[in-house]
Amino acid sequence: MSTQKRRNFQIEAFKHRVVVDPKYAEKTWNILEHAIHEIYNHNASGLSFEELYRNAYNMVLHKFGEKLYSGLVTTMTMHLREISKSIEDAQGGSFLEELNRKWADHNKALQMIRDILMYMDRTFIPSTHKTPVHALGLNLWRDNIIHSSNIQTRLLNTLLDLVQEERTGEIIDRWLVRNVIMMLMDLGSAVYQEDFEKHFLNVSANFYSVESQQFIECCDCGDYLKKAERRLNEEMERVSQYLDPSSEAKITNVVEKEMIANHMHRLVHMENSGLVNMLVDDKYEDLGRMYSLFRRVPDGLSLIRDVMTSHIRDTGRQLVTDPEKARNPVDFVQRLLDEKDKHDKIISMAFNNDKTFQNALNSSFEYFINLNPRSPEFISLFVDEKLRKGLKGYSEEDVEVVLDKVMMLFRYLQEKDVFEKYYKQHLAKRLLSGKTVSDDAERSLIVKLKTECGYQFTSKLEGMFTDMKTSQDTMQGFHASQATNLGDGPTLVVQVLTTGSWPTQPSPACNLPAEILGVCEKFRMYYLGTHTGRRLSWQTNMGTADLKATFGKGQKHELNVSTYQMCILMLFNNADRLSYKEIEQATEIPASDLKRSLQSLALIKGKNVLRKEPMSKDIGEDDAFFFNDKFTSKFIKLKINTVNAQKESEPEKQETRQRVEEDRKPQVEAAIVRIMKSRRVLDHNNIVAEVTKQLQSRFLPNPVVIKKRIESLIEREFLERDKVDRKLYRYLA
Amino acid sequence: MDRSTSIFLDIFQIYSRFCDIRSSDDANAREMLVELLKSVEFRWQARNSVFDDLSKLMFHLDLMVDSCRFTCFYDFVFFLCRENGQKNITIEMALAAWRLVLKGRFRLLNEWCNFVEKHQRYNISEDTWQQVLAFSRCVHEDLEGYDPKGAWPVIIDDFVEYMHRIRTSSCNCCDAEVQTCMANAGFHAGRKGF
């Protein structure tokens with residue numbers, strides 16, 4: 001078998017004549033057209049789906065798809081025209097109902113027609129890129145009904161009128177509107193947007209623009225916000241009830257813009273009811289409403305925050321600069337704390353604990369607390385008052401709460417070193433007079449200060465506690481060693497204070513009475529015997545004494561006085577009358593202290609164990625003093641306070657300030673040297689910035705002070721200026 | 001003989017020695033300067049007579065052209081004004097020296113000297129001395145060219161503030177005049193800052 005002989009077989013198609021009835025297409029279409037009529041006339045029960053389907057199938061099969069399709073379009077259009085007429089004819093309220101009913105009919109019909117023409121839908125339409133039957137039905141409905149000139153505007157106005165009616169409080173048929181809206185959506189979201197939503201939003205904007213104008217003219221801020229909130233909720237409900245969900249953001253946007261954004265400045269600053277009034281009156285609900293509404297618009301929250309900040313700053317500034325309020329330091333600090341509590345509560349109740357609001361509050365406090373240079377002193381006085389007596393009867397937790405609040409104020413202070421200075425003074429007084437309520441509270445506060453500012457800040461304070469403890473032990477040892485030879489002499493309690501840890505100023509010791517001098521000498525011997533190489537000097541300005549005194553009628557009293565007063569009173573053991581000059585000479589107490597001591601001995605009613613001549617309010621240098629025979633009191637024990645200023649007087653204040661400034665110099669210099677040592681070369685502004693950063697946990701260094709320290713360091717050849725760039729400094733190792 | 005010549009080095013020789021030491025990169029420059037100062041110390045019994053010599057020196061040096069050379073001379077003046085090897089110079093010396101050497105070089109020389117005379121209490125340090133020259137070079141009559149963040153010594157900051165204060169107080173009373181000037185020409189444009 002050779003390959004060339006291969007034959008190609010051909011299979012011929014079986015040819016048979018297809019007999020086509022020339023009237024076939026016409027006939028079949030007539031059947032289908034009739035069926036469509038019947039469907040639209042609700043008369044479909046007599047139709048055979050099977051037969052109709054086959055007819056349609058055959059038509060497509062016999063390439064009459066085009067005829068079928070165009071026939072469908074024509075027939076359906078005709079029916080829709082009729083429907084359109086009947087809808088147009090509907091009167092008033094029945095318009096929507098008619099539309100809705102016809103829409104339901106059309107949908108049902110469309111369903112059936114699609115089923116019959118399913119074969120066309122599947123084969124003819126995709127191959128000819130025509131619109132599928134269902135979509136075609138919708139498009140025809142859209143073009144013939146919705147966009148018919150007699151219906152389009154009427155439908156829109158009817159819908160908008162219904163919304164308007166509902167807004168003014170009437171009840172409408174939501175179900176009906178919902179169906180119509182859904183129809184628009186079924187026709188495509190573009191139809192919904194173009195034929196309804198766009199207009200709806202415009203009309204709403206107008207409505208709310210007018211309404212908000214009315215509201216704002218006649219309502220106060222709180223009421224307005226309530227109304228705005230209600231409107232907002234209504235619109236959201238409307239969307240969920242009968243509009244498309246995609247509209248929610250758009251319509252709320254309109255309400256927000258018209259009712260809030262356009263009026264927010266006026267609302268916030270509204271006289272007698274604006275934000276400031278709400279803050280003052282603690283209107284948590286209104287404030288919360290304002291917060292949640294304003295949060296929806298751009299810059300809303302920052303507006304609230306700014307107004308709140310400036311309000312807090314203003315009230316704070318008034319609070320700290322009012323000389324009347326600064327008279328009582330404890331009240332002053334309590335007011336600050338109340339102010340803080342108040343706004344903390346507002347932020348947590350109404351402002352959702354918003355971090356940015358908390359920061360604004362903190363920075364405002366930091367701003368105004370430091371406006372008053374005495375704030376550090378007052379805060380320390382507040383602590384002093386609390387630790388002396390204010391905390392009596394408090395539970396441990398309550399004490400912690402108070403101390404934590406104080407620490408919070410402390411954090412706001414820029415001049416923490418000034419606080420330290422005063423705190424030291426006050427603590428010293430508390431410790432030496434044994435006035436502190438609770439050792440635990442004292443130590444707890446020190447621990448807090450330590451965690452806040454570091455070891456350096458509290459080391460001296462802790463040294464003071466150590467001294468107190470050591471002194472107790474020393475006194476036990478002293479009394480034990482003297483048990484035999486003390487006899488009836490006065491009992492001495494000595495507190496040995498390490499120089500440097502305590503805020504003592506060297507003051508000359510006064511002349512002590514002989515009785516006391518003896519025991520003092522014994523103590524000195526004892527102490528130096530156990531601690532060689534130390535020096536003791538007596539701080540007579542800080543001590544106290546208990547005296548027993550017998551008055552004219554033999555009544556006895558125990559007097560608790562200061563060491564100075566004790567020295568004065570002891571003089572009257574040997575004399576009934578002493579002039580001011582005589583007392584001054586005998587005791588050598590510094591004049592100002594002497595005057596204060598005498599004042600409290602002779603001029604305080606109920607405690608006047610001395611009598612002064614002439615009787616006057618002040619102590620003069622020519623006055624004479626007598627032992628007050630006729631003194632009576634219902635108390636056996638009497639405490640005679642020295643008239644001492646709780647708050648610092650003006651010259652004292654300046655002295656403290658000066659000491660603080662002096663103390664700062666080495667700190668600034670040390671910081672500069674530390675920085676330059678690691679950086680070697682640095683320009684002026686960066687040094688200032690770094691020094692400020694390093695020191696701000698203690699105080700805010702003044703740039704001029706830093707500059708002066710730099711100049712001093714240049715002079716002492718720690719630094720030099722760069723030869724070329726004079727703004728650069730070099731570290732000279 | 002040898003010794004006496006070294007004592008009686010004239011001002012030109014001292015100056016050239018000073019310049020030599022300064023321009024050499026010798027690590028001992030500092031000590032050499034101290035030596036030099038010691039050796040010329042008792043040349044001017046009355047301190048003020050130093051200025052006669054200085055003006056003589058100034059006359060002979062051609063200082064107008066070269067700012068580097070003037071800086072060297074300027075530092076030399078400070079060097080000679082130091083008494084007993086002290087680091088700083090007194091205000092009187094500084095004022096006299098400034099009036100001599102900065103004449104015609106510092107537009108605010110008079111104002112500056114008056115200010116220092118009235119307000120400065122401490123001696124003038126070398127850094128301040130040098131910075132005054134730098135300041136005189138960059139500042140204009142209307143105080144333009146001064147940068148408050150420019151790391152100037154505090155005394156210069158104070159001076160500028162003082163000048164501003166005087167100017168604003170005197171400006172208030174001659175407002176009308178200033179305005180006519182402005183109308184005439186852009187003459188006072190530089191004053192816009194006030």
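pLDDT is the predictor's confidence in each residue, on a scale from 0 to 100. This is a predicted model, in which local features need pLDDT of at least 70 and side-chain atom pairs count only at pLDDT 80 or more, while totals for chains, interfaces and linings use all residues. Residues are numbered from 1 along each chain as its sequence is written, chains are lettered from A and ligands numbered from 1 in the order in which they are written, and side-chain values use heavy atoms, with hydrogens and water left out.

**Stop 1: chain B, coloured by pLDDT**

Select residues 1-7 of chain B, where pLDDT stays under 50. For this stretch the model has two contacts (heavy atoms within 4.5 Å) beyond four places in sequence. Then select residues 173-194 of chain B, where the pLDDT is also below 50 and the model has nine contacts beyond near neighbours in sequence. Where pLDDT is low, the predicted coordinates should not be read in detail. Chain B as a whole averages a pLDDT of 74, and 75% of its residues score at least 70. The scores for the model are ipTM 0.78 and pTM 0.72.

**Stop 2: where chain A touches chain B**

Show both chains and select the residues in contact: 14 from chain A and 16 from chain B. About 1,300 Å² is buried between chain A and chain B, 45% of it from carbon and sulfur atoms. Buried area here is the accessible area (1.4 Å probe) that two parts lose on being put together, summed over both. On the chain A side, pick out A:Lys707, A:Glu715 and A:Arg726, which lose the most area to chain B and together make up 41% of what that side buries.

Next, show side chains at A:Arg721 and B:Asp127, which meet in a salt bridge at 2.6 Å, N to O. A salt bridge is a side-chain nitrogen of Lys or Arg within 4 Å of a carboxyl oxygen of Asp or Glu. Between chain A and chain B the count is three salt bridges.

Now select helix H28 (684-695) and helix H29 (703-715) of chain A, the elements that give two or more residues to the side touching chain B. Helices are DSSP runs (H or I, at least four residues), numbered from the N terminus. H29(A) supplies the largest share of that side, six residues.

**Stop 3: inside chain A, domain 2 against domain 4**

Colour chain A by its domain assignment: domain 1 (24-150), domain 2 (373-453), domain 3 (543-639) and domain 4 (650-731). These bounds come from an automatic or database domain assignment. Keep domain 2 and domain 4 of chain A, whose C-alpha centres lie 30 Å apart. In this pairing, 11 residues of domain 2 are in contact with 12 residues of domain 4. The two domains bury about 1,100 Å² between them, with 42% given by carbon and sulfur atoms. Select A:Gln414, A:Asp417 and A:Lys421: they supply 46% of the area that domain 2 buries against domain 4, more than any other three residues.

Finally, show A:Arg698 and A:Glu420, whose side chains form a salt bridge at 3.1 Å, N to O. Five salt bridges are counted between domain 2 and domain 4 of chain A. Helix H20 (residues 416-432) of chain A gives the largest share of the domain 2 side that touches domain 4, seven residues.
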